[in-house]
Amino acid sequence: MGRLIVVSNRIAPVEEGKAPQGGLAVAVLAALKETGGIWLGWSGRLAEDASPQPKLKRAGPLTYAMLDLTPQDFDLYYNGHANSVLWPVFHYRTQLVHYTRAAEDGYRRVNALFADALLPLLQPGDRIWVHDYQLIPLGRALRERGVEAPIGFFLHTPFPTPEVLRTLPTHRDLLRDLAAYDVVGLHTTRDRDALLSAWHRTWRETTDGRVEVDGRRIVVEAFPISIETEEIAADAPGAWNMRSAHRLRDSLVGRDLIIGVDRLDYSKGLPRRFEAFRTLLERWPDRRGRVSYMQIAPPTRSDVAEYQEIRHQLESLAGAVNGEFADIDWVPLRYLNKSVPRKTLLGFYRSARVGLVTPMRDGMNLVAKEYVAAQDPEAPGVLVLSEFAGAAEELEAALIVNPFDVEGVAEALERALTMPVEERRERHAALMRVLRGNDIGHWRRRFMAALEGAAA
């Protein structure tokens, strides 16, 4: 097996002696350590004199290749097209799309820059693994430069139905871009079916289970990404005993906790989630003073107008709920607009009676899986999960809800808060069987096996 070349929008080199943060970094670094190779991505630095040559940093068998971008290229590629066009289209929010040809050109120009930077680093026998919507055109850009190595692509967002995709003026180009890969991985069978439907009559299934598109035979498959299940389960008891978790529980004074942890993004359904908690307090008055809801929502893309708007909306809703229901010794809704360290979150998850994960649309949602893995098996909390999260395809033992039904979510919260411990244990055991059967290592191995099969 040759070297692995990973390409993602951004990389954050792991400091010597420190563990990588996040499941994707864990999976990618594990794969790279097995084979040796390169991880190419944006350095996080903006510079008017950005060099087209990546800066190289070696760490054992791994080389980090980091590209600087100019402020203009970053604004067009990342803010302008990736996050103001592709992100809303892929999350079914077409009314938020701000398409311009200039931003599309910038998006493709940066993808071409990535291809040019990667080209001199490649060796015979390499396998290339490209990640996410920011880099969809990269595979075709490499093919146009004569690269014949196996190239896989994994999409970390949902993939929209053809009717939604067609709102993108250049959707045909995007479909041609995807057809340049040997392996296209998506989170769910729903996403896979959407892509195949978008290709319409241009594809056919081959005898070996692949699909043929534009003369290329491609593996198109669902590879549901996951978490480091056993590590989280092992770390959670210690996190539960951390000072931060003790402070949280002390502040609850015996009350039940509902927890939500999401990036501040319009796809996460946070305004309706706040409304569902308000409905819980209205319909079940005995819950007042007995349950608190804590929503952690770190800011993201704060220079995009839609994200500024949702932040103001949530601040207003939180104030309204607390203004209506708070008492001298009880704040019903705690809204934290900041990041919390991952280990601290594990202690918070284990302290919460309910995990509330209700995105309007999500590729997977690893918070749902982390919440389950962090629970005490003897007294586990209950996961309330949106049917529009990719995780719902696997985590059937959660309480599955439609996030557009505010009253239905409130009813699920009441059911979770009153669920007997025997049922909670049964549901948790069923969820953990799924998470142990498909952890982040299994996800990585399945994708790498598909890519190796393409090489063969």
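Across the whole structure a search finds 31 salt bridges, a salt bridge being a side-chain nitrogen of Lys or Arg within 4 Å of a carboxyl oxygen of Asp or Glu. This is a predicted model, in which local features need pLDDT of at least 70 and side-chain atom pairs count only at pLDDT 80 or more, while totals for chains, interfaces and linings use all residues. Residues are numbered from 1 along each chain as its sequence is written, and side-chain values use heavy atoms, with hydrogens and water left out.

Select Arg109 and Asp73 next, whose side chains meet in a salt bridge at 2.8 Å, N to O. Arg109 lies in helix α3 (residues 101-118) and Asp73 in helix α2, so the pair ties together parts that are 36 residues apart in sequence.

Now show the whole chain, which has 16 helices and 16 strands; helices (H or I, at least four residues) and strands (E, at least two) are DSSP runs, numbered from the N terminus. Along the principal axes, the C-alpha atoms fill a box of roughly 70 × 45 × 40 Å.

Colour domain 1 (4-226 + 440-455) and domain 2 (229-437) separately, bearing in mind that domain bounds come from an automatic or database domain assignment. The centres of the two domains, taken over C-alpha atoms, are separated by 31 Å.

Then select the interface, where 25 residues of domain 1 are in contact with 24 residues of domain 2, contact meaning heavy atoms within 4.5 Å. The area buried between the domains is about 2000 Å², of which carbon and sulfur atoms give 50%; buried area is the accessible area (1.4 Å probe) that two parts lose on being put together, summed over both. On the domain 1 side, pick out Trp87, Arg190 and Ser226, which lose the most area to domain 2 and together make up 25% of what that side buries.

Across this interface the rule finds 0 salt bridges. On the side of domain 1 that touches domain 2, the elements giving two or more residues are α2 (71-90) and α7 (189-199), and α2 supplies the largest share, 6 residues.
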